[in-house]
Amino acid sequence: MLSVEGLRSAYGHIEVLHGIDLNVSSKEIVTVVGANGAGKTTLLKCLSGTQPSTGGDIRFRGDALTSVPAFKRLKRGLSQSPEGRQIFTNLSVEENLRLGAFLFTDERVDKDMEDAFQMFPILKEKRNLAAGGLSGGQQQMLAIARALMGRPHCLLLDEPSMGLAPLLVAQIFDVVKSLREREVTVLLVEQNAFGALKIADRGYVMETGRITLAGAAAELIADPRVREAYLGI
Amino acid sequence: MDALMQFIYSGLTVGAVYALVALGFTIIYNASDVVNFAQGEFVMLGGMITVFAFDAGLPLPLAALTAIVATAAIGVALNKFAIEPARGAPVVSLIIITIGASILIRGASQVIFDKQLHRLPAFSGDDPIHLLGATLLPQSLWVICGAFAIFIGLWLFFTRTLLGKAVLATANNRLAAQLVGINTGFVMTLSFALSAAIGALAGVLVTPITLVSYDVGVGLALKGFAAAMLGGMGNPKGALVGGLLLGLFEALTAGYISSQYKEAVAFVVILAVLFVMPQGLFGEKKTERV
């Protein structure tokens, strides 16, 4: 579904992605794990189009994506829940969700919103409040729910567990796992390597702008190099 | 009592003009956080282009429409050639760009049109209407109704339409707006076109009362800005109420104290309000968690 070949990206003269190769097949949950500063967020930004790539190819559902502007990529079926949540803080929770389905005006929008409220009941309770007043965990739920309102074929999740209490992290990962039943393909970027690998089918390990290991999630969890470097075991 | 009513009518008329200018500020501010100080020039252009098109033989409604469309196009050009190339610059720089643009537009109008005062015939004649013991010009009703109509239109646009929400979303978080599929470049173009068109409409409505010349924009922009700040920047309701209040303060001061003090008193009241409510009468307090 999503294939990345030799992807490079730079901030000014400093190249931070040195040729990334990565594949995500339909209905898979794939995770990219790595330490802070490995380039995981830059990779996702290149995929969503908010960071220009300087080389390589991104193909999504058969089409080249590199020259498609960010605002047109959701229409292609690629949705991102970005780093730092990036919700519309001045607008209400419900308005945030409605804008997630900005491209649609049919009756499925209401149904999708009901689904979102079912997935995160706390959002229903706070539907008329300004999103900026939500707690960090609630904002993260809203960011994921908003990204799903765009009816993606593939969802890009950037560090959904960042800064959350362990109980909330578990809840967020449960939701990501449940996306399998909704037939949404997921590319999950995480520093929380153990949590991410536990729910993923496959994983990539990223270090300083390169993929250094790739394999089935279960193998990666068992791999001594991963255990030492990321799992602290 | 009759005098009071008379002052109130004149205050509402002037206030409605300020409100229209303030409403123009609201849209661009909502889309980009930029206070567009060329807003007063849009009002001037609306009046000037209408006058010259009318003198050239166009019927008044068509002349007005020409002016509104032309001014909207100038607004779009301002965004395209001055604001967009500076994307990513701090808001203060963008505001200074709009001040520069206003000086450019004023200078160009002086050359293209002239330095004379111009007038338009009133839309529905000059026979005063007697109402509650005082008189009101029909053109005043046009201005007041125009301000209310634009206010209702904008209020519906921002609260009831998805496109209006998209404008708010773009101002709030441009990155996230792109991720949900909003063409933020188009939203900016639309905002400038709408703002300029509303400014021009204000110019068309008010020219039969106040006349127009190349330099009326400066004062209007300042008053409109003050009205928007008083009501709470970015809120259409605030723009309307702020504008009307400012007009009323001025008219009552001019009537009961002295017309020399009308601006001083108005601005003292605004300062006092902002001292107690820095976000304006209807501005929202921003609370954000990180």
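Predicted model: local features only at pLDDT ≥ 70, side-chain atom pairs only at ≥ 80, totals over all residues.
Student: What pattern of helices and strands does chain B follow along the sequence?

Tutor: Chain B has 11 helices and 2 strands. Reading along the sequence you get α-α-α-α-β-β-α-α-α-α-α-α-α. The radius of gyration of chain B is 19 Å, close to the 19 Å that the globule rule gives for 290 residues, so chain B is as compact as a globular protein of that length. Its C-alpha trace spans about 60 × 50 × 35 Å along the principal axes.

Student: And how many helices and strands does chain A have?

Tutor: Chain A comes to 10 helices and 10 strands. A compact globule with 233 residues would have a radius of gyration near 17 Å, and chain A agrees with its 17 Å. The C-alpha atoms of chain A fill a box of roughly 45 × 40 × 35 Å, taken along the principal axes.

Student: Next, sheets. In what order do the 6 strands of the open sheet in chain A stand?

Tutor: The general idea is that strands of a sheet pair through backbone hydrogen bonds, either parallel or antiparallel. Here the order is β6-β7-β8-β3-β9-β10 in chain A, and the pairing is mixed. At the edges stand β6 (78-81) and β10 (210-216) of chain A, each with a single partner strand, so one side of each is left without a neighbour in the sheet. On average, neighbouring strands of this sheet are turned by 15° against each other, direction ignored.

Student: How many bridges join strand β3 to strand β9 in chain A?

Tutor: There are 4 bridges between β3 (residues 29-33) and β9 (residues 202-207) of chain A, and these two strands run parallel. To find the spot in the structure, look for A:T31, which stands opposite A:G203 in β9(A).

Student: Which strands does helix α1 of chain A touch?

Tutor: Helix α1 (residues 40-48) of chain A packs on the sheet and touches β3, β6, β7 (154-158), β8 (185-190) and β9 of chain A. The direction of α1 makes about 145° with that of β7(A).

Student: How do I read two helices packed together?

Tutor: Two packed helices are described by the angle between their axes and the distance between the axes. Take α3(A) and helix α6 (residues 136-149) of chain A: their axes come within 7 Å and cross at roughly 35°. On the α3(A) side the contact is made by A:V93, A:N96, A:L97 and A:G100, and on the α6(A) side by A:L142, A:A145, A:R146, A:A147 and A:M149. Those residues divide into 6 nonpolar, 2 polar and 1 charged.

Student: Where in chain A is confidence lowest, and where is it highest?

Tutor: Chain A averages a pLDDT of 92, and 99% of the residues score at least 70. Confidence is lowest in helix α10 (residues 224-231) of chain A, at a mean of 80, and highest in helix α3 (residues 93-100) of chain A, at 96.

Student: Last one: how many residues does the contact take from each of chain B and chain A?

Tutor: The contact takes 19 residues from chain B and 26 residues from chain A. On the chain B side, α6(B) gives the most, with 6 residues. The residues of that side divide into 9 nonpolar, 7 polar and 3 charged.

Conventions. Residues numbered from 1 in each chain as written. Chains lettered and ligands numbered in written order. Rg over C-alpha atoms; globule rule 2.2 N^0.38 Å. Pairing = 2+ DSSP bridges. Axes fitted to C-alpha atoms, helices over the stretch in contact; angles between N-to-C directions. Contact = placed C-beta atoms within 7 Å. pLDDT = per-residue confidence, 0-100. Nonpolar A, V, L, I, M, F, W, Y, C, P; charged D, E, K, R; others polar.
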